[in-house]
Amino acid sequence: MAEVTSEKIPVTVLTGYLGAGKTTLLNRILSENHGKKYAVIVNEFGEIGIDNDLVIGADEEVFEMNNGCICCTVRGDLVRILGGLMKRKGKFDAIIVETTGLADPAPVAQTFFVDEDVQTHARLDAVVTVADAKWLADRLKDAPEAKNQIAFADVIVLNKTDLVSKAELAEVEARIRGINPYAKLHRTERCQVALADVLERGAFDLDRILDLEPDFLEADDHDHDHDHHHHGHGHDHDHDHGHGLKHYHDEEMQSLALQTDKPLDPTRFMPWLQNLVATEGQKILRSKGILAFHGDEDRYVFQGVHMMLEGDHQRKWKEGEPRESRLIFIGRELPEVAIREGFERCIVS
Amino acid sequence: MTDFDPTATSPTIASVTDRVRPVNIGMAVTAAHFLSDRAVFVGSEENVAFVDPQGEITKVAVHDGGILCAASDGERIVMGGDDGKVVAINGKGEVTLLATDAKRRWIDSVAVHPDGAFAWSAGKAAFVKSGKGEEKSLEVPSTVGGLAFAPKGLRLAVSHYNGVTLWFPNMAGTPEFLAWAGSHLAVTFSPDNKFLVTAMHEAALHGWRLADNRHMRMTGYPGRVKSMSWSVGGKALATSGADTVILWPFATKDGPMGKQPAMLAPLQARVTTVACHPKNDILAAGYADGTILMVRMEDGAEILVRRNGTPPVAALAWNAKGTLLAFADEEGDGGVLEF
C-alpha cells in the first residue's frame, strides 16, 4: 500500500471546552483568504457561518475495538466520513475535525493509529485546543474533559485574553504549563491567531519530533508578559521559568521528562516501554521520545497515545550532535518514581 | 515439502489479457454493474459511465458530489450521495430522483429488492420505499453500517454498532435484533435465506444462522473485508481482505461452523474486490496491485485477466448471463472481457 506522506490529507483536530471559542476559530480558518479548501467535520450543524459544501455533521460515535484493549477506542463515524471524503479527493486540501466541548481527544487520535484505511489516505496533523482565559482555571477544577483537552494538545489557543488581567493571565498560563509544558501556546482575542500556528503543524509526524523542550524555554514566538511580578527577587529562581511564570503542579495531570546522555540498551528499553504503556496506558495520554541506542548510529523516535505506540529510526546522528535520549510523558497520576527507576535500568552503564 | 528453487522460472499461467477490450473511463471508479449488456461504471463522484459493446463511453450525471454507495438489481442502479439524494439510473441512462434527505445528510448505504422496493440510510435512520410507494423508516441505536434485503419477503437487515436489526417494514411489532459486540458494516443474506453475514470494522466477518441465531465467527483476515460475493446457489461466500481469496463454505446446514475456508489464488498483494460468476463455480478477484485473476473454485486454477502494476482494482462485475466481465481500477483504467 502506498505510504507517501505528502499525498496524505492532513487532519487537524480542534477541541476545547464549551464556549472557549472553537467555532470562532473554525470560522476564522474558513473565512481567511488562504487559497486553501478545507473539509470540516463538525458536531453541531448550523454553527458555522461560512457557506461550504464540505461541512459534514458527525455524531461522535466512540467504538471499542474488539481486541481486548479497553482504552483502544476509535471514532467509528470518523472512519466512515473520512472514507466518504476520500471519494472527493482533489476537492479539498485538508480536513478539520471539530469535537464536542465534552469530548476526549484520544479516540480521534487513536483512529489514526489503528485504522488501516484512515492511515492510507490521511494523517493526523495536530490536536489544537482552544481554552478560555477567563474560565479555564475553574474548568480545570471541575471538568475532567477540559483537563484532558489541555493535556492532549499540541497547540493551545488561549482565547479571550482581553477579558482577564495580566495577573489572571499569568495564573492561567501557569496552570496550563503545570499540565502540559510542551504544547505551543498562543494568546488570542477572538481567536486571532496566525493560521500557520494552528494548521500544518506536523505534530504527529515522527520526522518532526525534533526536540522535546518545553515550549517556554524555546525562542519566544509569542509576546510573553515580561512584567515579572517578582522583580527584584532575583534569588528566587527555583520556581522561575525565565518569564515570570508561577510554577504550578497539577495534582492529577502532569508531564514527566526523562533525559540521559548515556546510551540506552534497546533490548531492555523496548520491552520496558511496551510494558509501561500496556500496564499504565490508561493514565498516559501522550508520549514522545528521541532515543540514542547503544551501538546504533541512527536516532530512534517514537510517539504514543495511551497504549498505542509507533516508532522508527529517523536519521543518522550528526557529527558533534550530543547523543542524548529524551522522553516525555503527559498523563494522569503518573507513577513517576517507578517510571524513572525503570528508565534508569535501561541505561547502559 | 517440495524444494524451493528460486532460480526456476515461475509457471506461466493461462492468460486472456489479450482478449480484454480496454476502457479508459476517465474518472475515479468505485463500482461496476451491468444493465442489460452494457457495463456501467459508478464514479467516485458525480457521474456514471456507460460502456457499450463497441467500447464507446457515455457519461451521465447522477449526483452533485460524492457517490457514497450503489446497488443494482440488473434493471437499474440505485445510488446514494453526499448531496443527500437517492438516485436511480436505468439501462437507457434515464435518471430518477428517488428520495432526498430532509436534513441533506449523507446517504451512506442503499439496497435494492427484486420486486422494486429500495432502501437507504442516513445517520441512524434506515428508510424503505416499497413498490407501492409508501416510505417507512426505522431508527437504530447507532449509525447504519450497511443494508441488505432478504431474498424472500420484504425484510431488511440493518447493521450497526453491536449487531444487526432485522426489520419487516410492512409489519407492526418490534424488529428482531441480532447482537454481537463490535461495529458491523456491510451485511448480506445468503441466497437461500438461511444465513446472515456482516463485515465488521475489525478484520473479521460475523455470521448468524437465522434458524436458531447461532453465531459464526470468521476471523484471521489481515485487513478489513470490503468485498463479499456469493457463489452461484450460495454454496460459498468469497471475500477480499487477505492476500488470497477467502472462500467460506455455506453448502451445508451448518455453514462454515467448525470449518476452515478455502484460500485461493495467493499473490503478494491484498485482494480488494471479488465477484462470483452467476452460472458457474468460478470467480473473478481483483488485487491491490492491479492484478485480476479468474479462479476456478473447485481446484483454484487461475487465468490472468489483467496484469499488476496499477492502482488497486476497485470494481468487478459479471453480466447476468456470465458472458461479460467488466472491471476498473481506482483511477478508472478499466476493461470489458467477453467469453
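Me: Two strands pair if DSSP finds at least two bridges between them. In this predicted model, which residue is the bridge partner of A284(B) in β26(B)?

Reply: Strand β25 of chain B covers residues 282-287, and strand β26 of chain B covers residues 292-296. These strands pair in the antiparallel sense over five bridges, and the definition asks for at least two. Within β26(B), the partner of A284(B) is M294(B).

Me: Which strands of the open five-stranded sheet of chain B stand at the edges, and why is one side of each left without a neighbour?

Reply: The sheet has mixed pairing and runs in the order β1-β27-β26-β25-β24. Each edge strand has a single partner strand, so one side of it is left without a neighbour in the sheet. The edge strands of chain B are β1 (14-15) and β24 (271-276).

Me: Which element gives the most to the side of chain B that touches chain A?

Reply: In the contact between the chains, 23 residues of chain B meet 16 residues of chain A. Both β6 (57-72) and β16 (176-189) of chain B supply at least two residues of that side of chain B. With four residues, the element that gives the most is β6(B).

Definitions and conventions
Residues numbered from 1 in each chain as written. Chains lettered and ligands numbered in written order. Predicted model: local features only at pLDDT ≥ 70, side-chain atom pairs only at ≥ 80, totals over all residues. Contact = placed C-beta atoms within 7 Å.
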